[in-house]
Amino acid sequence: MVTKKHSEIVDNLRYLELLSQSFPTIADASTEIINLQAILNLPKGTEHFLADIHGEYEAFQHILKNASGNIKRKVNELFGNSLRESEKRELCTLIYYPEQKLVLVKEVEKDLRDWYSITLLRLVSVCRDVSSKYTRSKVRKSLPDEFSYIIQELLHERTDDSDKAAYVNTIIRTIIDTGRADDFIIAISNVIQRLAIDQLHILGDIYDRGPGAHIIMDTLASYHHWDMQWGNHDVLWMGASAGNDVCICNVLRISLRYANLTTLEEGYGINLVPLTTFAIDVYGDDPCEEFAPHLTGENADIDDKMARLTAMMHKAIAVIQFKLECQLFAKYPEWNMADRSILHKVDYAKGTIMLDGVEYPLCSNHFPTIDPKHPDVLTAEEQGLMEKLHRSFTVSEKLRRHIGVMLQHGCMYYICNNNLLFHASVPLNDDGTLKEVEVYGKKYSGKKLLHAIGMLIRSAFQNDSDPDERAYAIDYFAYLWCGKDSPLFDKSKMATFERYFIADKSTWHESKGNYFKLRDDEHVVDGIMDAFGVTGVNRHIINGHVPVHVGSGENPIKAGGKLLVIDGGFSQAYHKETGIAGYTLVYHSRSLQLVQHEPFTSKEEAVKNETDIKSTTQMVEFSAHRLLVADTDVGAELRQQIIDLEQLLYAYRHGLITEK
């Protein structure tokens, strides 16, 4: 009798034949089933969520190294009162910065051999603890080749086992005797850092404001397991790399606004000499007071001459940006952004601007490159400058490589373990329902909207894309940056011109979209998650984009705990505004924890004085039972693999497929 199961397996035979190439015998398939069933019962790996890093590479790297305090928590749990606080601080600092800390230890430690013996055993204990939730195979793959065997032996043998104490002690002694102690400490510290975080989620805005976005991208390019949801500042740099001149101007303007040219010049080799020369020639007699750079962090002490030059360059590129925006908004009337063709609203003779029926005086009226009759037309010199800048951005090999990394690991949204991740918003109607937005001639909402935008972004970098679609995609980066219904912006306007040229701050106001107005409403948040297919009792939306003003009493936990905003202001430019220096979210097998950080001083300070980022942990949710791999998305995939392998076993045992 042919059963339903038999018929299903016969229908699936072509796939099972392919599967049999990886598992050619009953024994192979059975062993894999046993392995997968065991993995399902391991504790869930730790997920780490960060958003809005904005070039602050030292703080970012430190938080990766300390896993938002997770390593310090492990050290405290392991050693409790058996170590003094100073010893635990030293051990943590050694794990975070082994190369630098070893130099300082050697300067003060009188009995270095004894210190090595004790420290190596402590590091092995920490490594054993952070590796305990993974399979031996996964741990082995994370180990450096030169110490793989030794670390494996030390992780699985203990000095409190009388039969193995001499064996372990001999390994430790031999590491020291052969002069490999430093190398081993560096290697095992890096393993601890890696195993402390199983998966890293970056919820957008790696770029702008801070000095080291390129360093962050270098770090991520070699990171073991991460994903990214693109932010508005990320797509701005994507657009610049793709050749969108409005994006190029915005990238330069923001970099000059914060006097952070390191990423441009040192990171990506962007040649700013043509812009410098042009700015001196055209704006050399202009005070450019409105364009004085915002000085924070390592740029706070630049001299007056450099600040003056930066202001001239800043104004030069801003004026070109306003011209190019007028041209682009006229090209695409369907974007409904004609009201942002700001240069057409200026009365250059009177030095005023008309906005919403009200006339405002301009703070300054020096526009030597603007023809009042044709305010959006570039001069010949501006056109030549943009051609040089365009080429500099589009031929930057390293920038293109980093954009490729973001395309490889990124998307507009991601659903992982009952959490919906995106950078900024999902456009909504006034009643909280999903809003339809036109993208390249078609209307989409919610999940389909974010997917369509993600596909359009990718087409901008694909040579085999339809030429018209690719050209539109490159232009569309500007809309994603400042469009009213862009899910990466979602405001009434970007009041860049007003902030520079109008003293009346009422004109600076940017009305937030409905998502930001309604995101504390549980019904609205549930509706979004339903539309995206996010299920589970403990489901959440997690995003960043808008800094949480903790100092003013704002709570990052919204909609009854269903929505978490983790932009607390990584960027130094936001510290006074938010009152803190960023949030991170840690989701491990026991709980979901929101970690609030105070400003990071410097790597040198952390190594020398063993200071860590001061952080406050807030429990968002606590699980009554320890979450297992079986409770995760990976668990669902493994269960499906088990079903497939069980079908393969049936096919072998019933002669439908022959063992190899």
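How much space lies in the largest cavity? The model is a predicted one, and in it about 120 Å³ of space lies in the largest cavity. The count of cavities of 30 Å³ or more comes to five. Around the largest cavity the lining is made up of Q321, F322, E325, F329, M337, R340, I342, C482, K493, M494, T496 and F497. Two helices, helix 18 (304–331) and helix 23 (496–501), each supply at least two residues of this lining, and the largest share, four residues, comes from helix 18. Sorted by class, the residues that line the largest cavity are seven nonpolar, two polar and three charged.

From the cavities the reader can turn to the pockets. The second largest pocket holds about 730 Å³ of space, and its lining consists of 28 residues, among which K138, D198, Q199, H225 and V634 lie nearest the centre of the pocket. The elements that give two or more residues to this lining are helix 9 (136–141), helix 12 (181–196), strand 8 (413–416) and helix 28 (633–653). By class, the lining of the second largest pocket has 10 nonpolar residues, together with nine polar and nine charged ones.

The remaining paragraphs concern helices that pack against each other. Two packed helices are described by the angle between their axes and the distance between the axes.

The crossing in which helix 21 passes helix 22 is left-handed. On the side of helix 21 the contact is made by I453, L456, I457 and S459, while helix 22 brings E469, R470, Y472, A473, Y476, F477 and L480. The residues of this contact between helix 21 and helix 22 divide into eight nonpolar, one polar and two charged.

Helix 22 also packs with helix 14 (residues 232–242), at an angle of about 155° and with the axes 9 Å apart. Because of that angle, helix 14 is roughly antiparallel to helix 22. Helix 14 passes helix 22 in a left-handed crossing. Here N232, H233, V235, L236, M238, G239 and A242 in helix 14 meet I474, F477, L480 and W481 in helix 22. The contact of helix 14 with helix 22 comprises eight nonpolar and three polar residues, with no charged ones. Readers who follow F477 and L480 of helix 22 will find both in the contact with helix 14 and also in the contact with helix 21.

How do helix 8 and helix 11 cross, and within what distance do their axes come? The axes of helix 8 (residues 112–131) and helix 11 (residues 165–177) come within 10 Å and cross at roughly 130°, which means that helix 8 is oblique to helix 11. Helix 8 passes helix 11 in a right-handed crossing, whereas helix 21 passes helix 22 in a left-handed one. The residues that make the contact are R113, Y116, S117, L120 and L121 of helix 8 and V168, I172, R173, I175, I176 and D177 of helix 11. By class, the contact of helix 8 with helix 11 has seven nonpolar residues, one polar and three charged.

Terms used. Residues are numbered from 1 along each chain as its sequence is written. This is a predicted model: local features need pLDDT of at least 70, side-chain atom pairs count only at pLDDT 80 or more; totals for chains, interfaces and linings use all residues. Side-chain values use heavy atoms; hydrogens and water are left out. Axes are lines fitted to C-alpha atoms, for helices over the stretch in contact, and angles run from 0 to 180 degrees between N-to-C directions. Angles under 35 degrees count as roughly parallel, over 145 as roughly antiparallel, 65 to 115 as roughly perpendicular and the rest as oblique. A crossing is left-handed if the near helix is turned anticlockwise from the far one by less than a right angle, and right-handed if clockwise. Contact means heavy atoms within 4.5 Å. Ala, Val, Leu, Ile, Met, Phe, Trp, Tyr, Cys and Pro count as nonpolar, Asp, Glu, Lys and Arg as charged, and the others, Gly among them, as polar. On a 1 Å grid over the protein atoms alone, a cavity is a set of points where a 1.4 Å probe fits but cannot get out, and a pocket is an open set with protein on both sides within 12 Å along at least five of seven lines; lining residues have an atom within 4 Å of a point. Grid points are joined across faces, edges and corners, and a volume is the space filled by probe spheres set on the points.
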